[in-house]
Amino acid sequence: MKLIIHRGTHEIGGSCIELVSANSRILLDFGLPLVDSNNEQFDSKKIRGKSKDDLIETGVLPRIKGLYRDETPSFDAILLSHPHQDHYGLLSYANPRIPVYLSKGCRILVEVSHFFNQTGCELKNIETVEDGHSFKKGDFTITPFVVDHAGFDALGFLVECGGKKIYYSGDFRGHGRKSKLFFKMLRNPPENVDYLILEGTMIGRDEGQYGTEDGIETKLASLFKSENRLFFIACSSQNIDRIVSIYRACKESGRTFVIDPYTAYILDRLKEVSEKIPQATWGKTMKVFFVKSSHTDKLAGNKILYKYKSAKITYDEIREAGNRLVVKSSYYLRESFARRKLMPGSKLIYSMWEGYWDKEKDFWETNSVPFEMVHCSGHAYISELQAFAGALKPKWIIPNHTFSPEKYKEYFGRHRILQAKDGEAITL
Ligand SMILES: [Zn+2]
Ligand SMILES: [Zn+2]
């Protein structure tokens, strides 16, 4: 069997790994890069309208025969680990005759992003997979494991072929709302793993090597109780763990979490995966502000918006109940609230990766709104990566999804490290 990491051996984003056996080929993830060749933020607008050959020439698409739309497909499957674009964002270039295997939650969020024109990735030929249920694809036996990550319903994959076992970690952590799964894996890991393809997002990052999703909930509840003011909170609508933490903190502090219709729709769609996911229609802890935006228009145009009417909250109600609310910020919402002069006296909680703060900072500073960072990483801290590697005891660790592959030696000294190069075929 051969392993080719097409992208990810020395960068975060654009994940794409191929496994080839005598008769079969599978692809693990097919993500959009997060950085360009100059290590600057990748601009996905720049690739719109460009041909496949152009994109291969400029290194955006990996050079992989038998994968793309204009070729006879020679892949048995594409496996998606989770619904973050750095893991699936190039899927629209793949031949739709190749079946895509993914979790139910991943399917829904990929569909949602396509519905709102955030991606061109339309799912057509799919199979949903479940935690611990193995399936065969050609020479490969694949077992998906649901893992704890900021991306919803994320999977790691154990792939067996020709007597060899490879575990692909995908993106994961041990301190989110599904940390139980992480500890379960430590207690009961797959045995005799030969190769662990291990994400290392947090390796080489000095900031934020602590904090848990439970800790976020506690911190938010205490802020909401102790400060008598309107709170804005900036977070991703697709980070369901965080949305749940905010919801629970609101419940505990007697506040109402005000979301936009886009977020309400995501939660509504994810009911199919878990009935525990909070819904806008449940009562007073969550309300929906019908902010004017292209997303709201899209929901109205498709006769979906009316579903959240019973949970609707207006400007006047927000003005009146301000210090009992936590309003989820978005570009359109904050602009319209600023025009209506709802900013004075409020505070922003910034609950996203610090790297995005620069884009937001000016707005809040101009409006003299104080801010506080309350966030924990969607990725495993170094201590969690070490515990994971220690439990799996792989013969080799292969660095992936990291900007610091050379540091693995330092952190995983007891293991042998196999440092691959992008595009290089390694015989396993
Ligand atoms: Zn991710
Ligand atoms: Zn990722």
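A pocket, on a 1 Å grid over the protein atoms alone, is an open set of points with protein on both sides within 12 Å along at least five of seven lines, and lining residues have an atom within 4 Å of a point. This is a predicted model: local features need pLDDT of at least 70, side-chain atom pairs count only at pLDDT 80 or more, and totals for chains, interfaces and linings use all residues. Residues are numbered from 1 along each chain as its sequence is written, chains are lettered from A and ligands numbered from 1 in the order in which they are written, and side-chain values use heavy atoms, with hydrogens and water left out.

**View 1. The second largest pocket lies between domain 1 and domain 2.** Both domains give residues to the lining, so the pocket sits between them. The space in this pocket is about 690 Å³, a volume being the space filled by probe spheres set on grid points joined across faces, edges and corners. Its lining has 25 residues. Phe 152, Lys 178, Val 273, Ser 274 and Ile 277 lie nearest the centre. Helix 6 (residues 240-253) gives the most to the lining, with five residues. Helices (H or I, at least four residues) and strands (E, at least two) are DSSP runs, numbered from the N terminus. The lining holds 12 nonpolar, three polar and 10 charged residues. Nonpolar covers Ala, Val, Leu, Ile, Met, Phe, Trp, Tyr, Cys and Pro; charged covers Asp, Glu, Lys and Arg; the others, Gly among them, are polar.

**View 2. Domain 1 meets domain 2.** Domain 1 spans 2-206 + 378-427 and domain 2 spans 213-373, with bounds from an automatic or database domain assignment. Their C-alpha centres lie 31 Å apart. In contact (heavy atoms within 4.5 Å) are 25 residues of domain 1 and 25 residues of domain 2. The area buried between them is about 2,100 Å², and carbon and sulfur atoms give 55% of it. Phe 115, Phe 116 and Arg 177 supply 35% of the area that domain 1 buries against domain 2, more than any other three residues. Buried area is the accessible area (1.4 Å probe) that two parts lose on being put together, summed over both.

**View 3. Nine residues line the largest cavity.** A cavity is a set of grid points where a 1.4 Å probe fits but cannot get out. The largest has a volume of about 50 Å³. Val 147, Asp 148, His 149, Gly 151, Phe 152, Asp 153, Ala 154, Lys 178 and Asp 241 form the lining. Three are nonpolar, two polar and four charged.
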